[in-house]
Amino acid sequence: MQAPAHPSHLPRPVMPQCPPQHMLEGQKALVTGGGSGIGRAIALALGQAGADVIVNYVSGAETAEQVATEIRAFGVRAMPICADVSDEDQVRAMFRQAIEAFGTIDILVNNAGLQQDAAFEDMSLAQWNKVIGVNLTGQFLCAREAVREFKRRGVKPEVSCAAGKILCISSVHEVIPWAGHVNYAASKGGVMLMMKSLAQEVAPYRIRVNSICPGAIRTPINMEAWGTPEAYQELLKLIPYKRIGEPDEIGRAAVWLASDYADYVHGISLFVDGGMTLYPGFETGG
Ligand code: BGC
């Protein structure tokens with residue numbers, strides 16, 4: 001009898017029994033844009049949970065090295081790699097280097113992203129292309145390399161129930177339209193359906209693909225929105241939970257979503273946003 005084209009009859013997975021600080025023990029992670037902001041917090045959280053971590057960065061070599069040093073303090077390996085995620089050759093070279101160093105990659109966190117805001121009629125093609133290039137094409141290029149590696153290796157039950165995990169760091173703006181930021185909102189809307197379509201395609205190989213959609217998180221990208229008391233009061237009008245989020249909170253969500261505790265969670269957008277997507281304008285109106 002011919003072997004099935006894909007492994008749709010894999011055995012029932014063995015669920016983890018370990019405490020949270022060992023949730024990712026023995027796994028190898030690559031975090032794009034891991035040198036700052038949310039990426040840094042995710043890279044640290046994965047390291048604390050026992051994973052070896054590649055800290056990708058495109059500028060700020062020293063900061064990325066610092067993050068790697070902090071991760072090593074958890075007793076795991078960490079290595080910064082410079083690569084522009086929107087460049088196919090650089091992405092391929094990064095994955096080759098990462099796999100050579102760690103043997104494989106079990107977790108990809110597609111985090112690298114940026115904003116280049118402008119009123120619509122003033123937005124240049126360069127601003128449009130830059131944001132789509134990094135936020136959407138970058139996630140495609142990295143996910144493609146990761147899927148190739150996950151399929152090559154297959155499931156190693158002693159490491160994880162899944163052959164690999166991809167976390168796309170999206171945004172509440174994958175569903176909330178954002179005037180003055182159409183390139184950014186378009187990129188995140190694209191991430192949503194790229195993630196879900198990819199999730200559908202690779203599920204039979206036990207490759208899990210999900211997104212985390214942060215709301216307003218205290219990082220340099222949105223300092224304008226929380227840097228002064230007046231701006232912060234305005235921001236709180238958009239957040240039912242009435243506080244800004246901290247990068248660590250995304251880190252903790254990433255550890256869970258990448259771990260076998262979430263083995264049956266597939267193709268979802270996990271909003272970590274203090275309720276920003278709950279139409280806060282309707283608290284009183286409507
Ligand atoms: C953006 C931030 C913004 C937040 C909520 C994020 O995706 O990068 O600038 O504060 O969404 O609007």
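Q: Keeping in mind that the model is predicted, is K28 buried or exposed?
A: K28 counts as buried, because its relative accessibility is 14% and the cut-off for buried is under 20%.

Q: Okay, and which strand does K28 lie in?
A: K28 belongs to strand β1, which covers residues 28–31.

Q: What does the side chain of K28 make a polar contact with?
A: The side chain of D52 is a partner, and the polar contact between the two side chains comes out at 2.9 Å.

Q: Which residues does K28 touch, leaving aside those up to four places away in sequence?
A: With those set aside, K28 touches D52 again, together with R77, F102, T104, I105, D106 and I107.

Q: Switching to the ligand, which residues are around it?
A: Around the ligand are Q115, S171, H173, W178, Y184, G215, A216, I221, N222 and M276.

Q: How does that shell divide into nonpolar, polar and charged?
A: The shell around the ligand has five nonpolar residues and five polar ones, with no charged residue.

Q: And how many Å is it from an oxygen atom of the ligand to a polar side-chain atom of S171?
A: For S171 that distance is 2.7 Å, the side chain of Q115 has an N or O atom 2.7 Å from a ligand oxygen, and for an N or O atom in the side chain of H173 the value is 2.7 Å as well.

Q: How much of the ligand does the protein bury?
A: The ligand taken alone exposes 310 Å², and the protein buries 90% of that area.

Notes: Residues are numbered from 1 along each chain as its sequence is written. This is a predicted model: local features need pLDDT of at least 70, side-chain atom pairs count only at pLDDT 80 or more; totals for chains, interfaces and linings use all residues. Side-chain values use heavy atoms; hydrogens and water are left out. Helices (H or I, at least four residues) and strands (E, at least two) are DSSP runs, numbered from the N terminus. Buried means under 20% relative accessible area, exposed over 50%, partly exposed in between (1.4 Å probe, protein chains only). A polar contact is a pair of N or O atoms within 3.5 Å; within protein, one must be able to donate a hydrogen and the other to accept it, and residues adjacent in sequence count only if both atoms are side-chain atoms. Contact means heavy atoms within 4.5 Å. A residue is near a molecule or strand if one of its heavy atoms lies within 4 Å of it. Accessible areas come from the Shrake-Rupley method with a 1.4 Å probe; for residues, only the protein chains shown count as cover. Ala, Val, Leu, Ile, Met, Phe, Trp, Tyr, Cys and Pro count as nonpolar, Asp, Glu, Lys and Arg as charged, and the others, Gly among them, as polar.
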